[in-house]
Structures are given as structure tokens and as C-alpha cells.
There are 2 protein chains.
Amino acid sequence: MAAHQIINVKWLNTLNSQKVILASSSPRRKDILSNLGIKYVVVPSTFSETLDKSLFSHPSEYVKENALQKALEVYERMKIAGNTPDLVIGADTVVALGSEILEKPRSVQGAIEMLSSLSGSSHMVYTGVTLIAPPKDGSNNPRIMTDVEGTEVRMQNLSRELIEAYVDTKEPMDKAGGYGYQSTGSLLVKGINGCSWNVIGLPASKLFFMLEEFTSHK
Amino acid sequence: MAAHQIINVKWLNTLNSQKVILASSSPRRKDILSNLGIKYVVVPSTFSETLDKSLFSHPSEYVKENALQKALEVYERMKIAGNTPDLVIGADTVVALGSEILEKPRSVQGAIEMLSSLSGSSHMVYTGVTLIAPPKDGSNNPRIMTDVEGTEVRMQNLSRELIEAYVDTKEPMDKAGGYGYQSTGSLLVKGINGCSWNVIGLPASKLFFMLEEFTSHK
């Protein structure tokens with residue numbers, strides 16, 4: 001991978017002199033954040049995604065809450081340790097078919113069924129993003145910004161043979177929705193409508209402009 | 001980068017036992033082709049892109065012809081050397097704003113103007129793809145398949161300050177249209193409609209299904 005360029009704008013220069021934390025160990029999220037020229041340290045969140053999905057009116061609300069809880073857990077843990085970060089970035093991504101949230105497949109058969117349900121139609125990928133920074137005044141409450149980006153993914157018509165051969169690669173087993181858009185799963189996707197980086201784990205451009213707004217109001 | 005998975009389907013197994021040539025040295029094209037599980041050797045085309053654009057009714061026709069000429073040049077050169085390949089993959093990508101084809105910027109000022117013209121609106125990226133294989137019968141004419149994929153790219157509203165800072169990274173200078181979607185330029189793009197790999201240099205899924213069709217009729 002080529003060395004990452006860094007855009008020479010004031011707010012980003014300031015941010016890059018601070019303690020910025022990515023609350024995720026996803027290699028794809030790290031790549032996307034590095035592409036944006038943001039310097040960060042990874043501190044994976046220990047928040048377990050056990051929220052009751054039925055409490056949320058829409059998958060986009062569910063990922064926003066997961067992103068918030070992931071970022072908050074890291075912020076609070078570091079604060080308690082006397083190592084308060086200047087900024088924490090949290091994110092969560094889900095695949096939704098209509099109102100149903102698709103998790104990682106639990107079995108080979110489950111992966112085949114999941115991909116069969118996606119074949120020949122469109123689904124949505126939502127990524128929630130939360131930014132957290134220490135309060136400006138003397139209050140105890142950190143500053144928080146949360147947003148969500150949705151991207152439509154249109155799948156090819158997939159034959160049973162192709163689905164089974166793809167599942168055989170084992171790539172689906174650790175991926176929400178049962179496919180990896182950034183690797184072999186790229187062959188399954190006819191096209192998308194929205195931010196393609198969002199499908200991989202972070203809405204690159206939206207995050208860049210969120211960071212500009214959030215840090216400019218510090 | 002993780003090891004590339006290979007889909008276990010018959011036509012791909014056959015193809016991977018053959019002499020497959022990618023007529024392009026683009027690192028992005030290599031990555032996309034590897035993601036698809038295709039084994040290949042790079043032989044860059046020496047065809048120079050000097051076709052008269054005014055002869056073509058549409059940018060998509062221009063890239064198709066460039067892709068064809070690139071692949072043909074490699075096929076013929078290897079054939080003359082007594083090293084005829086089983087398959088050559090050629091590709092060409094252009095950025096089009098309306099009917100105007102945007103080249104690589106020729107200067108810093110040109111890059112600023114190009115990005116200013118793209119700011120806040122949509123443009124198209126076209127990639128032409130050509131497959132060439134030896135004739136099945138005794139004829140002298142190789143078998144050829146050519147297609148083109150178009151992807152709409154929607155740019156953010158870009159401030160003059162941001163455009164200048166991005167141009168300062170020098171990333172625009174060797175990129176058609178003046179931005180790199182796969183790297184720092186990701187921050188400029190609000191969203192796309194179509195195949196995002198196409199913007200980077202090869203329409204992954206379309207190419208996979210073209211290869212299946214082309215090799216199955218061999």
C-alpha cells in the first residue's frame with residue numbers, strides 16, 4: 001500500500017497532533033481511516049453487541065446505538081485509567097434485508113440460505129458512526145456526535161452452484177450478510193447506490209466532513 | 001492483504017490452468033483481478049492512447065476501442081513471439097463530464113480547475129473491457145468479447161481550500177479526472193451509483209460473468 005497522503009487543512013493538522021482512538025480492530029476500517037489521512041491508535045471496544053433489536057424502529061437506529069455504546073465504552077475506560085483521549089471514533093455496520101438484520105451466518109447451510117435470500121435483489125448496508133470528545137466546559141458529559149449512512153447493494157442473480165462454491169471459500173462465515181464486498185464477494189455484487197466504503201465498514205467522505213464539523217466546534 | 005480465495009467452479013479451474021494475461025500494470029486492476037480468484041501474468045500493453053476522441057459518438061465507445069487495441073497489441077505481440085496466450089484481458093478507464101472526456105491533469109492549475117468542475121455534481125466513469133483468445137477453428141482471427149460498464153460518481157461540494165489542499169498531495173496528477181477514489185480522493189466522493197470497482201479500474205462482477213460466458217463457449 002502506498003504511503004498515505006495527508007490533506008493540509010488546519011482542523012486535520014490539529015486533530016493529527018492529538019490522541020485519536022479508533023474503537024475497532026477491523027482492518028478495513030483502519031484502511032479507510034488511513035486513506036483519509038487521519039492518524040489514530042486502535043483500542044478495540046469490549047462492548048458486546050447484545051442490544052435487543054426489537055427495541056429499535058429501524059436497523060439504522062440499531063447501528064447508531066451500537067456505534068455509540070462501542071465508542072462510549074472505550075472513552076470511559078480510558079478516562080478512568082487517567083488517559084482520556086481527545087477523540088474516539090466508534091462504528092458499527094449491519095446488513096438489512098427489509099427490516100430484518102442479517103448477522104454473521106451460523107453455519108454453512110445458514111450462509112447458503114442467507115446468500116440465496118440476497119440473490120437477484122437489493123439490500124441495505126448501514127454503518128453508524130459516533131465521535132466522542134471531552135467536554136469543553138467543566139461538565140462531566142463528553143461531547144457526542146452520531147450519524148448513520150445507508151448504502152443500497154444490488155446482488156447479481158446467483159446460481160446455487162456459485163453460492164455453494166463461494167460459501168466453500170469460508171469467506172462468508174465471519175461477515176454480516178454472508179459476503180465480503182472488499183474481497184472475493186466483489187463478484188456477487190452488480191452495483192451499489194451510495195458510499196461504497198460504507199459497505200466495507202466506514203462512510204469515508206461522511207466521516208471526513210463529520211470530523212471537520214465536530215473538531216471545528218471544539 | 002489476505003490470501004485470495006478461489007471459487008471452486010469448473011470454468012475458473014480450467015482458466016486458472018491456462019496462460020492468462022492482464023494487459024495492464026495498474027496495481028488496482030491487479031488487486032481486483034486477484035480478488036476474483038483469477039491467476040494471471042501481467043504483460044503491459046504498449047498501445048498508446050492516441051485515438052482521436054472526436055471520432056467516437058460517446059466516451060463509452062472510446063474506452064471500448066482503447067481496451068480492444070490494448071488487448072490486441074499484447075495478443076499479437078505474444079503470438080508473433082511464438083508464445084500465444086490462452087486469454088488476454090485488456091481494460092481502459094476514463095472519466096466523463098457530460099460528453100467531455102477528462103484526462104490526467106496537465107498542471108496544478110489544471111487539477112484545481114478539473115476538481116472544481118466536478119464539485120457538487122455527478123460525472124461518469126467508464127471502463128471498457130476486452131477478452132481475447134485464440135480461434136477455435138483454423139482461422140487466423142482471434143475470438144474477441146468487448147463490453148463497457150458505466151458508474152455514476154457524485155462529488156461532495158468541495159471548497160476551494162479543500163481542493164487546493166488535495167491537489168497539494170499530488171495524488172491528482174496521475175489520475176484521470178484528477179482524483180483517486182481508492183485512496184485520499186475517497187473523501188471527495190459523496191456516493192456512487194453502479195459498480196465501485198469500475199471507478200478503480202475494472203468492473204469486478206461484470207468481468208467475472210464475462211469470463212464465465214467467454215470461456216464456456218470456447
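## A strand pairing in chain A

In β7(A), R154(A) has G191(A) as its bridge partner. Strand β6 (residues 143-155) of chain A and β7(A) pair in the antiparallel sense, over 4 bridges; two strands count as paired if DSSP finds at least two bridges between them. Strands here are DSSP runs of E with at least two residues, and helices are runs of H or I with at least four, numbered from the N terminus.

A word on the model itself: it is predicted, so local features need pLDDT of at least 70 and side-chain atom pairs count only at pLDDT 80 or more, while totals for chains, interfaces and linings use all residues. Residues are numbered from 1 along each chain as its sequence is written, chains are lettered from A and ligands numbered from 1 in the order in which they are written, and side-chain values use heavy atoms, leaving out hydrogens and water.

## Across to chain B

Strand β7 of chain A also pairs with β7(B), again in the antiparallel sense, over 3 bridges. Here G194(A) stands opposite I192(B).

In chain B, 37 residues are in contact with 37 residues of chain A, contact meaning heavy atoms within 4.5 Å. The two chains bury about 3000 Å² between them, 58% of it on carbon and sulfur atoms; this is the accessible area (1.4 Å probe) lost on putting the parts together, summed over both. On the side of chain B, I7(B), L187(B) and W197(B) lose the most area to chain A, together 18% of what that side buries.

## What the interface is made of

The rule finds 12 residue pairs in polar contact across the interface, both residues at pLDDT 80 or more. Elements of chain B that give two or more residues to this side are β6 (143-155), α5 (160-168), β7 (189-194), α6 (196-200) and α7 (204-216). The largest share, 6 residues, comes from β7(B). A polar contact is a pair of N or O atoms within 3.5 Å; within protein, one must be able to donate a hydrogen and the other to accept it, and residues adjacent in sequence count only if both atoms are side-chain atoms.

## Two copies, one axis
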